[in-house]
Amino acid sequence: MSPALDYFSHFEDSDTSLSQNTTVPKREVYYNARLDPNRFLHGPLSTNPATRLRQMLARPGIVVAPGICDGISARCALEAGFTCLYQSGASTTASRLGQPDLAIATLNDFVQAAEMVCSLDPVTPVIADADTGFGGPAMVGRTVKQYARAGVAALHIEDQVQTKRCGHLLGKQVVSREEFLTRVRAAVLARDLIPGESDFVIIARTDSAQVLGMEEAILRLKLASDAGADVCFIEGVRTKELLEATVTALAPKPVLVNVISGGLTPSFTTEEAEQMGAKIIIFSLVSSVAMVHACRAAMHALMKTGTDFSSAQGMDPKQFFEVMGLNEVVNFDACAGGSAFQTI
């Protein structure tokens, strides 16, 4: 493995926006000219999903990424016209394992899900939850490399303890500021060591607002930005004013906001979030919760009536498979000279 380039400069922090009780360490500021947002302002959108996401971040407009949990939800999101997808850790844990978001899913669970989702439309950027990075710096690095290899455009890594939980549940615990920054530095270093100059996007997430307060949360994200994070994600921000203050404090770094109906963050619309200055908005459980409601209704109807006629709503098997890409597969087979699917 070749040695990593040193992208850090060192200087004293002159930020006076934090209270005098907050100790601010010397700042080591990462800068990689190749990843400067100005380089992504112009030109056609790339077919590389990570590069494409950087272009979307550098240009006007908010990036809207609905949370998907499996192939069906991903297909529905693409059919609806979304240009970015979010692989939620909670949704992946629920759909693959039938378990709650309590640090039960493993790196392999997340990577296998990502490989499938990214294969459906390799151009569309997928932002994927990476929880705590699944271990120490070496494991964080391995996570970044496996996500990038799977076709993921960006991941977010957080400061919860290893026995983490959904960011919108109570009782969260976070690691020290330095341990969080070690995770971020490991992710950035691993990205920079990927052969071919990867544009993979590193998103730093803090859950510390509910544990240590907004001041500490903003400081952690400032330091994560200095450590090389491309985007900052404050989980569980409770008001419009707090989100606006976060955006202002971290500018010009893009800020991601996570909206879950009934969660800690108000149900901001995409337009409202954009007006507040957020650059990415994700709706983590939009598909999973909808599926629970729809599937419950279908199962109860089947139990009550003895038929699936009402829940099918007129969709026959072929129509279902068309949502799953039937026509693309049939056309590909025919172009290759196959004849198995001439009648379907």
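The model is predicted, and local features were taken only where pLDDT is at least 70, side-chain atom pairs only at pLDDT 80 or more, while totals for chains, interfaces and linings use all residues. Residues are numbered from 1 along each chain as its sequence is written, and side-chain values use heavy atoms, with hydrogens and water left out. Helices (H or I, at least four residues) and strands (E, at least two) are DSSP runs numbered from the N terminus.

Ser46 is placed in the loop between strand 2 (27–30) and helix 1. With a relative accessibility of 19%, Ser46 counts as buried. A polar atom of the Ser46 side chain lies 2.9 Å from the backbone nitrogen of Asn48. Apart from residues up to four places away in sequence, Ser46 touches Thr51, Arg52, Gln55 and Val123, where contact means heavy atoms within 4.5 Å.

Two packed helices are described by the angle between their axes and the distance between the axes. The axes of helix 6 (residues 177–192) and helix 8 (residues 214–226) come within 10 Å and cross at roughly 35 degrees. Axes are lines fitted to C-alpha atoms, for helices over the stretch in contact, and angles run from 0 to 180 degrees between N-to-C directions. The crossing of helix 6 and helix 8 is right-handed; a crossing has this hand if the near helix is turned clockwise from the far one by less than a right angle, and is left-handed if anticlockwise. On the side of helix 6, the residues that meet helix 8 are Arg177, Phe180, Leu181 and Val184, and their partners in helix 8 are Glu216, Leu219, Arg220, Leu223 and Ala224. These residues divide into six nonpolar, no polar and three charged. In this grouping Ala, Val, Leu, Ile, Met, Phe, Trp, Tyr, Cys and Pro are nonpolar, Asp, Glu, Lys and Arg are charged, and the others, Gly among them, are polar.

Helix 9 has the buried residues Leu243, Thr246, Val247 and Leu250. Seen down the helix axis, the buried residues fall within an arc of 95 degrees, so they line one face of helix 9; the arc is that of the directions from the helix axis to the C-beta atoms. The buried residues of helix 9 pack against helix 8, strand 8 and strand 9 (255–258). Glu241 and Thr248 are exposed and sit on the face turned away from the buried side. The loop between helix 9 and strand 9 holds Pro252, and the peptide bond from Ala251 to Pro252 is cis, with omega near 5 degrees.

Glu235 belongs to the loop between strand 8 (231–234) and helix 9 (240–250). Its relative accessibility is 1%, so Glu235 counts as buried. The side chain of Glu235 makes a polar contact of 2.9 Å with the side chain of His168 and another, of 3.2 Å, with the side chain of Asn258. A polar contact is a pair of N or O atoms within 3.5 Å; within protein, one must be able to donate a hydrogen and the other to accept it, and residues adjacent in sequence count only if both atoms are side-chain atoms. Beyond its neighbours within four places in sequence, Glu235 is in contact with residues including Lys172, Arg205 and Asp207.

Ala103, in the loop between helix 3 (89–97) and helix 4 (107–120), has a phi of about 60 degrees and is partly exposed at 32%. Gln313, in the loop between helix 12 (309–312) and helix 13 (317–323), has a phi of about 50 degrees and counts as exposed at 72% relative accessibility.

How values were computed. Buried < 20%, exposed > 50% of the residue type's maximum accessible area, 1.4 Å probe, protein only.
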